[in-house]
Amino acid sequence: MKLKILPERAKILSSYKRTEEPIPFLFDPGIFSMKRVFLQAARFALSGVLVSSVMLGGCARRVPLTPTGPLSVSGQPLAHAPRNIYHVVGPSETMWRISKTYGVDMQTIMSANRIKDPTKIKNGQRLLIPNTSGPRPMIPLFPTRRWTHIVVHHTATHEGDAFTIDQMHHKRGFWNGLGYHFLINNGTEGKMDGQIQIGPRWIKQMDGAHANAAGMNEKGIGVVLVGNFSETQITETELDSLVFLVKILMDYYHIPNANVIGHRDVPGKSTECPGNYFPWAEFKRRIA
Ligand SMILES: [Zn+2]
């Protein structure tokens, strides 16, 4: 089954749900120095206050946000007949997120994998997910005004997932690994075509490492599609998922269509990314 794109803005807004997740960067100091944790916390709190004050000022376009926590939007599952699958854990993925994504409760996944402590799962670990009907996109949204652009990339590889691209970026010298905020799978590495994975840089609201020009790493949300669209076409399901994700981000952060760009459109960049076969006209029409 394909992702259904919600046709009207009102429907998208009504699907906003508060997540039960803790705010990861306040609870995961291993990634940061304490100074960084405090700076992140302060920035997050401030952005909440800013959003709240915009709302109190009578801006009806904002959905009600709480200053203290993220929300998430979930979409239709990429469904198949219930089956057991193996999921390779990506960076920053938690048992909570994996359980919600596959619609299988945490206890079932934990006993199937003889895991006692759900906080001990590791990047790259293979987890048996019993009897899942397929992954459901879960897009966390954080109240902030920093994101003004969305930059679309391809991996320029034929295969990959959040784990393998994270490994690649670590090898390339990116200390924080996966340089993009979101990754959309193409059906390789055991992931389903169109499956959306959330990178640690999004969960922790960090700068990207995907377009080092025009301040785009600081203000641009980096979304990568697995594939090489200089050589092959994007799959229909991948494009559906990209449209779904980008529309949610545009809507929530008030990003105009003109600010949704390809890596090749970042001023100062000479790259073909996301490839000459990427269907710009169709994509732009669908997010309009
Ligand atoms: Zn790129």
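**View 1. Phe-182 stands opposite Ile-198 of strand β8.** The model shown here and in the following views is a predicted one. Strand β7, covering residues 182–186, is joined to β8 by four bridges. The two strands run antiparallel.

**View 2. Five strands form an open sheet in the order β8-β7-β9-β6-β10.** Pairing within the sheet is mixed. Its edges are formed by β8 (193–198) and β10 (260–262), each of which pairs on one side only. Averaged over the sheet and with direction ignored, neighbouring strands are turned by 25° against each other.

**View 3. Helix α9 packs on the sheet.** The helix touches β6 (149–154), β7, β8, β9 (220–225) and β10. The direction of α9 makes about 35° with that of β8.

**View 4. Helices α9 (residues 236–253) and α10 (residues 280–287) cross at roughly 45°, with their axes coming within 10 Å.** The crossing of α9 past α10 is right-handed. On the α9 side, the contact is made by Leu-239, Leu-242, Val-243, Val-246, Lys-247 and Met-250. Helix α10 contributes Phe-283, Arg-286 and Ile-287. Sorted by class, the residues of this contact are seven nonpolar and two charged, with no polar ones.

**View 5. The peptide bond between Cys-273 and Pro-274 is cis.** Its omega is about 5°. Pro-274 belongs to the loop that lies between β10 and α10. Most peptide bonds are trans, and most residues other than glycine have a negative phi.

**View 6. Ala-214 is not a glycine, yet has a positive phi of about 55°.** The residue sits in the loop between α7 (200–203) and α8 (216–219). Around Ala-214 there are 17 other C-beta atoms within 10 Å, so the residue is classed as partly exposed.

**View 7. His-254, also not a glycine, has a positive phi of about 55°.** The loop between α9 and β10 holds this residue. His-254 counts as partly exposed because it has 13 C-beta neighbours inside 10 Å, and a residue is classed as exposed if the count is 12 or fewer.

Note on methods
Residues numbered from 1 in each chain as written. Predicted model: local features only at pLDDT ≥ 70, side-chain atom pairs only at ≥ 80, totals over all residues. Axes fitted to C-alpha atoms, helices over the stretch in contact; angles between N-to-C directions. Left-handed = near helix turned anticlockwise from the far one by under 90°. Contact = placed C-beta atoms within 7 Å. Nonpolar A, V, L, I, M, F, W, Y, C, P; charged D, E, K, R; others polar. Pairing = 2+ DSSP bridges. Buried ≥ 20, exposed ≤ 12 C-beta atoms within 10 Å, placed from the backbone.
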